[in-house]
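Please look over the two chains shown here before reading my comments. The points are written for someone new to reading protein models.

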Amino acid sequence: MVERCGARGVAIKRPSGLNDVSGLIIPGGESTTIGKLIDEYGFTPELKRFGAAGMPVFGTCAGLIILSARVKGRHGTVLGLADVTVERNAFGRQVDSFERDLAVEGIADEGRPFRAVFIRAPVMEETGPPVEVMASLEEGAVMARQGTLLLGAFHPELTDDERIHRYFVEMVAEARRPG
Amino acid sequence: MLKGGVIMDVTCVEHARIAEEAGAVAVMALERVPADIRASGGVARMADPEIISAIMEAVTIPVMAKCRIGHFVEAQALEALGVDYVDESEVLTPADEANHVNKREFTVPFVCGAINLGEALRRIGEGAAMIRTKGEAGTGNVVEAVRHMRTINGEIAGLTTLPAEELMSAAKELRAPYDLVVEVARAGKLPVVNFSAGGIATPADAALMMQLGADGVFVGSGIFKSEDPALRARAIVQATTHYEDAALVAEVSRGLGEAMRGLEMGEIGKENLIQFRGW
């Protein structure tokens, strides 16, 4: 998907890989599992440094949980970069997964909404002052931006709609521009 | 979103916690692991909902549970319990020797076993959201898992080279829905993820299946029938994530204690192979 948006995508499995990229997507998956593996491989301090240095990071679904500062209930490692309180599996279990047409501030309006796929998705129950909410459902915010961090509760990679990825690729391009 | 991960068979809350702690992306809640089903014989059925519910309570990762092939009422019961995936599994005793569950009638996603491309596409045609190669469950012997993964990937590669007019004949040979055959020929891959199962017992086995093209692995008896389940579970997760890193696979394979003893295919006898359950 990022390739179709004009960027080059590489998989990062080791902290050293972070030196070779100008932006990072932390994808969906099981946040418990991801949290354990980033600890195991010494990713945690490196990721914190990467985000704090103003390198753009996009967290989707489990990736949003990993970026967050606070998680309700029991959870392992989170990076604490995004000033949000996240509730995991806010909509229920696998069988409660759903799709919804969303208006996303600056990306998709009512006339041409974004078809968002929510799978065991989290929500941002509370967002701090630096966070701009871009889309919400009744349960809470599902898309937001905090400076160079982009936060999504759903899976934008599961549809053919490239708008959210393009938006992030543009964030990366902007961060690379001098001055 | 289980891709690249390990799904572990568990029979109690304690095992489920060990699996979650080790980094499993999901657990399969069972009454007995396949090695015990194989050893004790008799009819193997859906697990007691008591066990499944207790495991769902205990962990935050997704919980899968098995129903018998064609037993759509067991599947309905599992959906009602709220499990995250149903595995219509040959490891249990089949309830129907001609038909599988019509998975399209369900909201809960299904995973189904396959030993070749035709079987995989028939299951997808019925509505399976995920395929796993069957291997030979409960043996701790990876040979059948390898055979099935190579078979499916070889058949997919074969389809991609065919001219369009030969695809109907290919569908007939594969005994697979024509539209899915066309889709696979065009994409060069299955329309759903394909995990590997049935015989994975070591970190190297898991990495082998990943290098052969699996999207992830199921480990059944291999973990809780070994000497040190927690250590082995963790090592298998690491090897699955970093399957292309030989030094890491070597490192995590150190001092794991004894693996499950395992069975040679010749010891089992063809009539006792469970991979041929499924139609």
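Predicted model: local features only at pLDDT ≥ 70, side-chain atom pairs only at ≥ 80, totals over all residues.

1. Residues are numbered from 1 along each chain as its sequence is written, chains are lettered from A and ligands numbered from 1 in the order in which they are written, and side-chain values use heavy atoms, with hydrogens and water left out.

2. At the interface, 30 residues of chain B are in contact with 21 residues of chain A, where contact means heavy atoms within 4.5 Å. Together the two chains bury about 2100 Å², with 49% of it on carbon and sulfur atoms; buried area here is the accessible area (1.4 Å probe) that two parts lose on being put together, summed over both.

3. The rule finds six salt bridges across this interface, a salt bridge being a side-chain nitrogen of Lys or Arg within 4 Å of a carboxyl oxygen of Asp or Glu. Asp84(B) and Arg93(A) join their side chains in a salt bridge, at 2.6 Å from N to O.

4. On the side of chain B that touches chain A, α1 (13-22), α3 (49-58) and α11 (229-241) of chain B each supply at least two residues, and α11(B) gives the most, with four residues. Helices (H or I, at least four residues) and strands (E, at least two) are DSSP runs, numbered from the N terminus.

5. Which residues touch the most other members of the largest nonpolar core? They are Phe118(A) and Met209(B), in a core of 106 residues, where a nonpolar core is a set of buried Ala, Val, Leu, Ile, Met, Phe, Trp, Tyr and Cys residues joined through side-chain atoms within 4.5 Å. Leaving aside neighbours within four places in sequence, Met209(B) is in contact with residues including Val142(B), Met149(B), Ile200(B) and Val217(B).

6. Helix α5 (residues 117-126) of chain B has nine of its 10 residues buried, so α5(B) is largely enclosed by the rest of the structure; buried means under 20% relative accessible area, exposed over 50%, and partly exposed in between (1.4 Å probe, protein chains only). Among the buried residues of α5(B) are Glu119(B), Arg122(B), Arg123(B) and Glu126(B), and their cover includes β5 (110-114), β6 (130-133) and α6 (143-160) of chain B. At the start of α5(B), a side-chain oxygen of Asn116(B) comes within 3.4 Å of the backbone nitrogen of Gly118(B), and after α5(B) comes Gly127(B), with a positive phi near 115°.

7. Cys61(A) is not a glycine, yet has a positive phi of about 55°; Cys61(A) sits in the loop between β2 (57-60) and α3 (62-67) of chain A and is buried, with a relative accessible area of 4%. Asn89(A), also a residue other than glycine, has a positive phi near 40°, and is partly exposed at 26% relative accessible area.

Note on methods: Polar contact = N/O pair within 3.5 Å; in protein donor to acceptor, adjacent residues only side chain to side chain.
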